[in-house]
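Dear colleague,

Here is the structure you were going to look at, followed by my notes on what was found in it. Please read the notes with the model open beside you.

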Amino acid sequence: MQTYISTGTCDSEDCLIIMVRATVYVGCTVPQLLRGAQSRIFPSHSLLGVLRHSAFPYCTGNGTIKSKRKMDHLERTANNFRQEVITQAKVCGITNESETVKRLRLAISNKDFTFKAGQWVDFFIPGVSVVGGFSICSSPGLLEREGILELAVKHTVHPPAHWIHTECTLDSEVALRVGDLHGYQEGKGNRHKLGTAKLYYSAKNTSELLFKKNILGLMKAFPGKITCCFHVTQQCSQICKELQPHITEGRISEKDLEKHVSNDTSWYICGPPPMIESISKLLTNIGVARNRVFFEKWW
């Protein structure tokens with residue numbers, strides 16, 4: 001069984017968990033589960049200029065990073081594998097996925113640009129020194145068929161996210177580079193035969209449950225194989241009939257998860273660091289071995 005626990009929008013109120021027989025994922029986002037600009041490779045001096053300005057602005061003279069600040073995306077993921085190609089992309093669509101999340105459609109014409117489901121991108125914005133890091137919420141198939149990649153970005157004060165919500169327009173040009181934990185993806189011990197998958201997905205209210213229609217569609221397409229329990233913590237309006245059978249009010253609890261504990265279950269968690277730490281501790285308390293729990297803290 002695989003179990004996914006995630007907050008796809010990086011909100012401490014939100015959380016997603018999926019469990020699948022033989023493997024459980026804790027940390028995957030909903031976009032990871034679902035899954036005409038001229039592209040080019042940026043000149044090396046331009047890239048170095050971006051990295052020098054945005055990746056190490058808070059280092060002291062001896063290279064020691066000050067402790068009273070949060071590390072930025074490039075620092076936090078400095079040891080992660082990245083593709084060498086930095087590709088230009090043009091915004092070809094912007095929609096409101098919820099009151100706080102925008103879905104960005106990006107046109108990419110560089111045929112060398114590829115990614116695997118579950119990967120993320122470094123997001124370079126002209127005139128913005130801070131580099132963003134966002135999970136890809138579309139499938140590799142969409143890129144192959146239409147040359148389109150999609151991101152779901154929640155509004156925050158972080159400069160890249162703030163730019164997407166306040167300044168980004170159709171035809172805005174940005175640059176992307178794919179990154180991931182290369183060693184994990186290539187590890188022979190992480191290949192499991194898919195059995196059943198259980199998703200626990202929590203948000204403040206149903207409007208913040210991104211891609212819920214897609215998830216319900218997967219449940220209908222794969223009955224008994226993929227199931228989902230949506231949790232809402234601050235629901236004020238009436239819940240629609242289609243969602244009602246799958247909604248639980250309140251946070252994901254120990255009682256919800258303990259019935260899925262087994263030797264052949266893996267757990268994948270995704271969300272803000274405090275949420276990851278809380279769920280990890282909960283799983284330890286109910287007897288889940290540490291080597292069965294997976295997550296990334298890259299924001």
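Is phenylalanine 123 buried or exposed? Phenylalanine 123 is buried, because its relative accessible area is 0%, where buried stands for under 20% relative accessible area, exposed for over 50% and partly exposed for what lies in between, with a 1.4 Å probe and protein chains only.

Before going further, please note that this is a predicted model, in which local features need pLDDT of at least 70 and side-chain atom pairs count only at pLDDT 80 or more, while totals for chains, interfaces and linings use all residues. Residues are numbered from 1 along each chain as its sequence is written, and side-chain values use heavy atoms, with hydrogens and water left out.

The overall picture

The protein has nine helices and 15 strands; these are DSSP runs numbered from the N terminus, with helices being H or I of at least four residues and strands being E of at least two. Of its 299 residues, 50% count as buried.

The aromatic cluster

Phenylalanine 123 belongs to one aromatic cluster together with Phe134 and Trp163. The structure holds four aromatic pairs, a pair being two rings of Phe, Tyr or Trp (its six-membered ring) with centres within 6.5 Å, called stacked if the planes are under 30 degrees apart, edge-to-face if over 60 and tilted for the rest. The rings of phenylalanine 123 and phenylalanine 134 have centres 5.4 Å apart and planes at 75°, so this pair is edge-to-face. It links distant parts of the chain, with phenylalanine 123 in strand S7 and phenylalanine 134 in strand S8, eleven residues apart, and both of these residues are buried. Phenylalanine 123 also pairs with tryptophan 163, in a tilted arrangement with 6.4 Å from centre to centre and 55° between the planes. Because tryptophan 163 lies in helix H5 and phenylalanine 123 in strand S7, this second pair ties together parts that are 40 residues apart in sequence. Tryptophan 163 is itself buried, at a relative accessible area of 9%.

Valine 128, in strand S8, is partly exposed, with a relative accessible area of 22%. Leaving out residues up to four places away in sequence, valine 128 touches Pro159 and Trp163, contact being heavy atoms within 4.5 Å. The C-alpha atoms of valine 128 and tryptophan 163 are separated by 8.4 Å, although the two residues are 35 places apart along the chain.

Helix H5 and the cores

Helix H5 (residues 159–166) has as its buried residues Pro160, Ala161, Trp163, Ile164 and His165, and these pack against S6, S7, strand S8 (128–135), strand S9 (148–154) and strand S10 (173–180).

The largest nonpolar core has 23 residues, and those with the most contacts inside it are Leu104, Leu106, Phe113, Phe123, Leu149, Leu151 and Leu176; such a core is a set of buried Ala, Val, Leu, Ile, Met, Phe, Trp, Tyr and Cys residues joined through side-chain atoms within 4.5 Å. Two or more residues of this core come from each of strand S5 (87–96), S6, S7, S9, H5 and S10. Apart from it lies another core, of 18 residues, among them Tyr201, Met219, Phe230 and Leu243.

The loop between S6 and S7

Asparagine 110 lies in the loop between S6 and S7 and counts as buried at 15% relative accessibility. Its side chain makes a polar contact of 3.2 Å with the side chain of threonine 87 and reaches the backbone nitrogen of aspartate 112 at 2.9 Å; a polar contact is a pair of N or O atoms within 3.5 Å, of which, within protein, one must be able to donate a hydrogen and the other to accept it, and residues adjacent in sequence count only if both atoms are side-chain atoms. Glutamine 119, in the loop between strand S6 (101–107) and strand S7 (120–125), is buried with a relative accessible area of 6%, and its side chain reaches the backbone nitrogen of lysine 116 at 2.6 Å.

With best regards
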